[in-house]
Structure formats: C-alpha cells, structure tokens
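Hi,

Here is the structure I promised to pass on. Have a look at it first, and then read my notes below.

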Amino acid sequence: MDRRVYGSDGEPFGPVPGHAYAELRGGPLDGELLDVTGWSVEERSGGAFLITDRGRYGAGGRAAYAPAEDDPEGPFLWEGDTP
C-alpha cells in the first residue's frame with residue numbers, strides 16, 4: 001500500500017484534489033498529511049508505521065500513527081517510534 005506523506009522532506013507534490021487525507025498529530029511528522037485514499041475502515045483503524053529520519057531512531061526508523069478509537073475517521077495520532 002502506498003503511504004504518501006505530504007509536507008515531508010523530499011515530497012515535491014501537494015495534496016491531490018479528490019483524495020482523502022489523515023492529518024498526523026504529534027511526534028516527528030506532526031502536521032503532515034497521510035494519503036488514505038482507498039483505505040478500508042479496517043486499514044484506517046490499523047494505522048501506519050511511517051519511515052522517517054526525524055524520529056527517535058534516525059534514518060530508517062518508523063513513527064507509528066493511528067486514529068483514536070472513538071474517532072476512526074479523524075486525525076492519526078502519534079503512538080511512538082520504532083527502529
């Protein structure tokens with residue numbers, strides 16, 4: 001599955017009209033947008049592990065984001081970093 005984050009380093013294009021996005025809140029990708037176009041309810045509820053060099057583990061590390069249980073259509077909240 002394509003996990004595009006807009007606003008991150010090296011992402012030259014902005015959001016595409018007609019696509020769905022989840023705002024990332026907290027952590028190293030705070031304020032950026034994750035393209036969730038075509039994601040099922042189950043995929044959204046599972047969140048995403050996004051590669052970033054700005055997290056606790058540097059290059060190759062991942063930041064975990066998922067929606068709040070009471071707001072599955074809402075923003076993705078930071079849950080922590082993993083190597």
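A question to start with: is R25 buried, partly exposed or exposed? R25 counts as partly exposed, because its relative accessibility is 41% and the middle class runs between 20% and 50%. Keep in mind that this is a predicted model.

R25 also has a charged partner. Its side chain meets that of E23 in a salt bridge, at 3.5 Å from N to O. E23 is partly exposed too, with a relative accessible area of 32%.

That pair is one of two salt bridges in the structure. In the other, the side chains of R54 and E32 come together, with 2.9 Å from N to O. R54 sits in the loop between β4 (48-51) and β5 (62-67), while E32 belongs to the loop between β2 (21-25) and β3 (33-35), so this bridge ties together parts that are 22 residues apart in sequence. As for cover, E32 has a relative accessible area of 7% and is therefore buried, whereas R54, at 37%, is partly exposed.

Now for some charge on the surface. E69, D70, D71 and E73 gather there in a negative patch. E69 reaches 84% relative accessibility, so it counts as exposed.

Happy to go through any of it with you.

Cheers

Conventions: Residues are numbered from 1 along each chain as its sequence is written. This is a predicted model: local features need pLDDT of at least 70, side-chain atom pairs count only at pLDDT 80 or more; totals for chains, interfaces and linings use all residues. Side-chain values use heavy atoms; hydrogens and water are left out. A salt bridge is a side-chain nitrogen of Lys or Arg within 4 Å of a carboxyl oxygen of Asp or Glu. Buried means under 20% relative accessible area, exposed over 50%, partly exposed in between (1.4 Å probe, protein chains only). Helices (H or I, at least four residues) and strands (E, at least two) are DSSP runs, numbered from the N terminus. Patches are made of residues with over 30% relative accessible area and no salt bridge: like charges are joined within 9 Å, nonpolar side chains (Val, Leu, Ile, Met, Phe, Trp, Tyr) within 5 Å. Accessible areas come from the Shrake-Rupley method with a 1.4 Å probe; for residues, only the protein chains shown count as cover. Lys and Arg count as positive and Asp and Glu as negative; His and the chain ends are not counted. The place of a charge is taken as NZ of Lys, CZ of Arg, CG of Asp or CD of Glu.
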